[in-house]
Structure formats: C-alpha cells, structure tokens
Amino acid sequence: MKALSIRGLTKTYRNGVQALRGIDLDVEEGDFFALLGPNGAGKTTTIGIITSLVTKSGGEVQVFGHDIDHELARAKSCIGIVPQEINFNQFEKVFTIIVNQAGFYGIPRKLARERAERYLRQLQLWDKRDHTARSLSGGMKRRLMIARALVHEPRLLILDEPTAGVDIEIRRSMWGFLRAINGQGTTIILTTHYLEEAESLCRNIAIIDGGLIIENDSMAGVIGKLNQETFVLNLREPVADPPSLPGYVSRMTDDHTLEIEVLKEQGLNEVFEMLTRNGIEVISMRNKVNRLEELFMRLVASRGAAGAGNA
Amino acid sequence: MAATADSVRETGSSMARAQWIGFQTIVRREYGRMIRIWGQTLVPPAVTATLYFIIFGSLIGSRIGRMGGYDYMQFIAPGLIMMAVISNSYGNVVSSFFGAKFGKHIEELLVAPLPNWLIVLGYVSGGVMRGLLVGLVVTGVTLFFTHVPVAHPLLVIASVLLTAVVFSLGGFFNAIFAKNFDQISWFPTFVLTPLTYLGGVFYSVSLLPDWAETLSYANPILYMVNAFRYGFLGTSDVGLGVAFAIMAAFAVAMFTVVVMLMNRGTGIRE
C-alpha cells in the first residue's frame, strides 16, 4: 500500500511565487524516504500541504488512501509531523505538551499519559517532564517535537530537518531511534541538509528543485548514477609538483594532499600504479564530499546551468 | 450491507468520541493558561472593580442619589460585573489564539483531526470560562460594598452566558485578522471600551438627551447590560425580547463567520 501518493501537486503563493509546479510522488508503506532539495525548492511547501498547514493550488494528495480533499480528518490521523521550526508553547511543561497533543488526536487522558511517559523516556526527556519547554536546549526541543509527533502513533512520520543544529552525538542517537521506529513499521519521510544522514538512513529518495521532482529512485540507484567522484589522497612525503596522471584531472591542495577526479569507468588501481611509479606513497584516502552530496550538487548545478541557458 | 452500516456507525461514534476528547483538551489547556497567569487574568478585574465602587459608588454615587429605583451603587453593580465579563471573555480568546498564531503552536491544532468549528468552540468555551470566573470575582467584590438582589436568576445566567459567547467570538475574530500585538489591542481600546462605557453601565439612557438616547439604542452592549441588570434588579431601559434576540443573533452570526474564516484558512494557513 502507498503511504503517500501525490499527483500533479501545484502551489502558487499569493505573491505569485510558484513553489510547486506539478509534482508526482509515491512513498510505499514502511519506507524510509528522503525528500531532498536546496533551500526554497518546495520541500516544506509539499510537507505543509500534506499536513494541511498550506492550501494547495491544484493536484491530489492521498495518505494511506485517504484523499485530503474528502477525508482530511482520516488523513491527518495517519500523520505525525516534526516541523522545521519550533512550534510548541514555550511556556507549557514538557509533559503537558505531549499529553495535550494526544488529546487533540482523541487519545483518552490515561493512555495519553502512559504514551507520553514512554516516548519521553525513549527520547531521554523524562527527567525534564516538569520543566517548561523554553528551558530546554535546542537538541531537547527537537526531541520533544519527535515525541509529540509520535504520541498518537502515526503510520506516517514526516520529519522536516529534525537534526538541524543538533550535535553529532545526539544526531546519531536520533538516527538510531528513527531506525527503530521505522523497523516497527512506521513509514518515515525525512528532509535534511545533511546528505550523509539521508544516505545512511533512507532507502528511497526524491530530489526536488524549483518546484519539480528532478530525481526519484532508490538510494542505491541514485548513488549509481554518480559518474564521477573526487578523492582526497594524503601523501607520506611532501610533493613539490603535481604528479603526471594522464587521463585524470588532479591538483595539489598542499604539498601533502592530492585531489583527483575519477570517472565511473576509470579505476583507482591505475591511479595507485601511476603514483607508485612516481615514487609517491599514499597513507590514507577519503571522498572529498559524501557521494550523495556530490550527486546532489551536480544535479542542482546542471539544472541551474540549464535554467541560465534557457534564460 | 448491515456490516457496512455497523462499521459506519462505529466509525462515526469513535470519531465523535475523539472529537469530544479534543474539545475537552482545548478547554483544559485554556483553563490551565488562565490559572497559570492568574496575576494577569483574575486579579486586575477585582482591583478595577474595587476602585469603581470606591470612586463611583461611595464617593460620587452617594451624591447622585437613586437611579432606576435603586441606590446608585446597586444600579451600577450589574453593569460593572458585565463590563468585566465582556473585557475578559474577549481578552482571553484574542490573546490566547493570537499567542498561538504568533508562537506557531496553533499548528498543533491545525495538523490534528479536529474540525474547525470544534477549535472555535474550544477557544470560545475558554473565553466564557474566564468571563464567568472573573464575573464571580467581581460579584464577590460587589457584595463587599453593597447588597444586590437577584430578581430573575435564570435571566442573569442566560444574559451573562450569551454576552460571554458573543465577546469570546469577537476576540477570536480579532485574533484571526491580527498580524501583531498592536492589532489585538486596537479594537478593545478604540471600540470595545467606548461602547461599554456608553452602554448604560453607569447611567440609565433615559437620562440622556433624545438624540443621545436614540443613538444609544444602536449600541449592542446596551442590550446586554440592561438584560443582565433586569435579571438582578428587575429594571431595564430596553425590551427583554429585543435584548435576547440581539444577543442570540450576534452569537449565531459571529460563530458562522468565524468558522467560515477558519475553513478558508484566513490568517492561519498559507
């Protein structure tokens, strides 16, 4: 079954900005799905329409088969949303925020309190339950929003940049938590600017730019489309001049570091052989940027260039 | 077929139950807010009422003599209670709903499967609750200064309830359109307060020149204050039927308009 089905979705704001220009998107039940795109691409507008915070201009949206035009309440019941911006009452207590949100979804008080305790414990916020929300740190506020989104146990959890501004330790613990939630059957849609996060967590991906879906495939399929990677090689001895590497584009960024671009059909063995022939020893190697990030940058840049050409 | 009908009935009843829980949650949250900031919600009306009774009731009122067959202090008491109910039911909803918009936590309600009419009803119930609680506080202050008879208790309850509903809806209407905090104080300052003061709280409109008396009948607050006063003292400047018809008409019309605005997403959705 499809957790989310979008057809021909358009949105033009009152100021004339065309945020979505007809997108089609399917997310299967149980998926961990990444929706990526540069700032202003239309990600948050899409999420806003799915959660009914933004009114669409055209198209259809179905959540687990419930059309938001005809069965909005049922569609809403299936969704939990963790928005980009903090949107709880900063003067309310942590526990009250969660229990009230459950109440808005029709969860009886006793059950709401039990679930609030469970999710606050799982997200390491239980000892903060009687604190007002404004006293929490940035990472705690993000986790509070996740607990709030889960308290009615939605089938589809949408996270709009949930780890923005969160330190790496908490981010990784949040990844573990989200993997576990997904493992229990909750479909997750994630938007993030940390592409390492998307690559690590998500099985399928859509890239949106300028209000259009420009890529939609499995994560492995998308990564497979990357036809060039840039590697950074750390050299044991300093090298004054760039080594001769015919067929490759390379440059020295300092006397111990060589950057080299390798096409998909080329291999690293040949590079190492040529470096060895030049008497250069490599002590370590890494990708210059995350592979998904590299592909993302190329896709967005090529669209930008095409747009400039058209203009 | 029967199974389908049963499942529809079951779904309908579980949805109604969920909505009832949602409504209770909004009202509980509003009550919690009112109690949390009691220094802003419950204390100021008591202080203001005390000052009114000292200045207008004891100091000036003693020189005015009787009005409508009662001591001046007794005459103004229902109006002062009603004034507190009006400003507090209005103020509660306008500040709470605009605060929710401003702090973005209105989204907690908008993403939930609650119909808009229920959200409006929840906030209005919160406004009515504060209006009535403050009304009770001011009544307590009143009894400290004077004795007020209650001629028709049911009319007292009906008029104060309808008035609180109308002004809670007024606060909601204001909050929908407000874009900043200035805009939630503009209407109470320049419209609500003048209309309340000119609505027969401190005097009987029969004392006014003809033109001013005629003009006063265009002020809806006059009908609310007089219906309430009639409930206590059995005296009124206006017909009770007209007063209740006006209050009911305002309540129904404003509820309809506010729900319509919510359905359109005015002020709350992009």
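Student: How many residues of chain B are in contact with chain A, and what makes them count as contacts?

Tutor: In this predicted model, 22 residues of chain B are in contact with 25 residues of chain A. The test is distance: C-beta atoms, placed from the backbone, must lie within 7 Å.

Student: Which helices of chain B supply at least two residues each to that side?

Tutor: Helix 1 (2-36) and helix 5 (106-110) of chain B. Helix 1 gives the largest share, eight residues.

Student: Why are strand 9 and strand 10 of chain A called paired?

Tutor: Pairing needs at least two bridges. Six bridges join strand 9 (residues 204-209) to strand 10 (residues 212-218) of chain A, so the two strands pair. They run antiparallel. A:I205 stands opposite A:D217 in strand 10.

Student: What lies between the strands of that hairpin?

Tutor: Two residues. A:G210, in this hairpin, takes a positive phi near 60°.

Student: What makes a residue of chain A buried, and what percentage of chain A is buried?

Tutor: A buried residue has 20 or more other C-beta atoms within 10 Å of its own. By that cut-off, buried residues make up 38% of the 311 residues in chain A.

Student: How is chain A divided into domains?

Tutor: Domain 1 covers 2-223 and domain 2 covers 228-291. Taken over C-alpha atoms, 41 Å separate their centres. The C-alpha trace of chain A spans about 75 × 50 × 35 Å along its principal axes.

Note on methods:
Residues numbered from 1 in each chain as written. Chains lettered and ligands numbered in written order. Predicted model: local features only at pLDDT ≥ 70, side-chain atom pairs only at ≥ 80, totals over all residues. Domains from an automatic or database assignment. Contact = placed C-beta atoms within 7 Å. Helix = DSSP H or I, 4+ residues; strand = E, 2+ residues; numbered from the N terminus. Buried ≥ 20, exposed ≤ 12 C-beta atoms within 10 Å, placed from the backbone.
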